Amino acid sequence: MRLLLSLIVLMLVVGHIFSLDMGLGPGLSAKNAILYVAAVFIVFRIVVSGEFKMEMAGFLGCYFLLIIYAITSWLVAGLLIQYRSYELLASGIFLKTYLIDPLIFFLAFMLGARTTDDAIKLIKVLCIACVLANIATLGDAFHVFSLGNYVSAGGSGRMNGPLGEPNQYGDFIVIFLPPMCAAMSLSQGFRRVLWLMGIAVSAAALLTTASRAAFVAALLSSIFGVYMMRNYLSASKIMSWAVRVFAIGVVIVAIVSIEFKELLTERLIGESEQVSVGAISSGRTEFWMQAIEKMMSEPISLVTGFGWDTYSIMGFNWSAHSYYLTLWFNLGIPGLILGVLLFVILIREARSALPAADAESRVYLMAFLFSMLALVIAIMFNELFTPLSYIWSYAGVATRIALNARQAAHKVRAPRAAALAH
């Protein structure tokens, strides 16, 4: 099963790097078809073995409620309210792609990776996929080869990368940098050098996106993560990593500046000197105010939302650039609460497993916590679409590590408790 899941990741990244059309029909692609086959196989294996047990019940409950609420609002918006320009079929396909498929990725990778060793190897596969995408970006950025539409439209010079949009691509890199660091810290010899090179390539690719939201997510998640896991991180380790990051960062910035000096200067220094909040936020505050004003004009929408995928038909010139705001606009307070709870549960599950985890598992769980903190910060300023398959696959295998750590600790404690009882 690990090989099949690895194949899905490989198909994802190859398809994105070379812009391959793997569509088999509306809402269905070759990688999804393989994913569905893998999911069916996993269910069949569980049924035959009789080993089924409910795991992550709270998370799954919240996710299913979110899907049910989204489907209900989709039907109400398309069949009862009948908004002008609202396409029921297209919005339904988007619901499947944006909500249902990520859950299938999560479950397939969580249930498919039965052992901690499988889960760690799959995390490494996902990291390698990220590195391959970043190598492709740098090759295109420095004109070694041309792979298509890697440069952002509008003459900004920012790199879209294989994911097709600089902000999403920047967030994607930030989320997968922590597990790369975990893999490097646990490797030795030549493998350690390879992981270090992968981290350097990824950091360089991140700079080419000039995504300030991604930079903020990286910085704040590092600060919050260190505080959250202060009992597992010594001051000497923190200082050691800080010195390494600074030293490597200086070299990477110098190299990337050969081609992107003007872009980085403008994005990181020029716009930061602007007085207007709208300019500093790249217009995000204006988009947010427009959406909130629209909701205030129909106060009931503050509670219920306008309906699934309705933001796109309300005449706004730009996307909301915020996962939370879009969720609130479309699905109201219930959808926003459920959407946030998904991340809260994942973070809580990983954090609570830290005391029970062995040394290797703990490092990867800590990396996952850094990644999740980066994610919840990044989506304050962006919406993620293309990276979701990678992110939810990562969440699935990291959750498997957490579950296995807790189960192993329980098996150790149970005999001791029985012995004490006698």
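This is a predicted model: local features need pLDDT of at least 70, side-chain atom pairs count only at pLDDT 80 or more; totals for chains, interfaces and linings use all residues.

Biologist: Which residues in α2 meet α4?
Modeller: On the α2 side they are Lys31, Asn32, Leu35, Tyr36, Ala39, Ile42, Arg45 and Ile46, and in α4 they meet Lys96, Asp101, Ile104, Phe105, Ala108, Leu111 and Gly112. Contact here means heavy atoms within 4.5 Å. Helices (H or I, at least four residues) are DSSP runs, numbered from the N terminus.

Biologist: How do the residues of that contact divide into nonpolar, polar and charged?
Modeller: There are nine nonpolar, two polar and four charged residues in the contact of α2 with α4. Ala, Val, Leu, Ile, Met, Phe, Trp, Tyr, Cys and Pro count as nonpolar, Asp, Glu, Lys and Arg as charged, and the others, Gly among them, as polar.

Biologist: How about α1 and α2, roughly parallel or roughly antiparallel?
Modeller: Roughly antiparallel: the axes of α1 (residues 2-17) and α2 cross at roughly 165° and come within 9 Å. From α1, Leu4, Leu7, Ile8, Met11 and Leu12 meet Ala30, Lys31, Ile34, Leu35 and Ala38 in α2. That contact divides into nine nonpolar residues, no polar ones and one charged.

Biologist: Now α6 and α8, what's their angle?
Modeller: Roughly 20°, with the axes of α6 and α8 (residues 212-228) coming within 8 Å. These two are therefore roughly parallel to each other. Gly170, Asp171 and Val174 of α6 make the contact with Ala213, Ala214, Ala217 and Ala218 of α8.

Biologist: Changing topic, which residues touch the most other members of the largest nonpolar core?
Modeller: Phe59, Phe176, Met180, Trp308, Trp392, Tyr394 and Val397 do, in a core of 118 residues. A nonpolar core is a set of buried Ala, Val, Leu, Ile, Met, Phe, Trp, Tyr and Cys residues joined through side-chain atoms within 4.5 Å. Buried means under 20% relative accessible area, exposed over 50%, partly exposed in between (1.4 Å probe, protein chains only). Helix α14 (residues 359-378) gives the largest share of this core, 14 residues.

Biologist: What is Trp392 in contact with?
Modeller: Leaving aside neighbours within four places in sequence, Trp392 is in contact with Phe59, Tyr63, Pro102, Phe105, Phe106, Phe343 and Leu346.

Biologist: One more: where does Ser85 lie?
Modeller: Ser85 lies in the loop between α3 (57-81) and α4. Phi of Ser85 is near 75°, a positive value in a residue other than glycine.

Biologist: Is Ser85 buried or exposed?
Modeller: Exposed, with a relative accessible area of 56%. His143 is exposed too, at 61%, and its phi is near 60°.

Conventions. Residues are numbered from 1 along each chain as its sequence is written. Side-chain values use heavy atoms; hydrogens and water are left out. Axes are lines fitted to C-alpha atoms, for helices over the stretch in contact, and angles run from 0 to 180 degrees between N-to-C directions. Angles under 35 degrees count as roughly parallel, over 145 as roughly antiparallel, 65 to 115 as roughly perpendicular and the rest as oblique.
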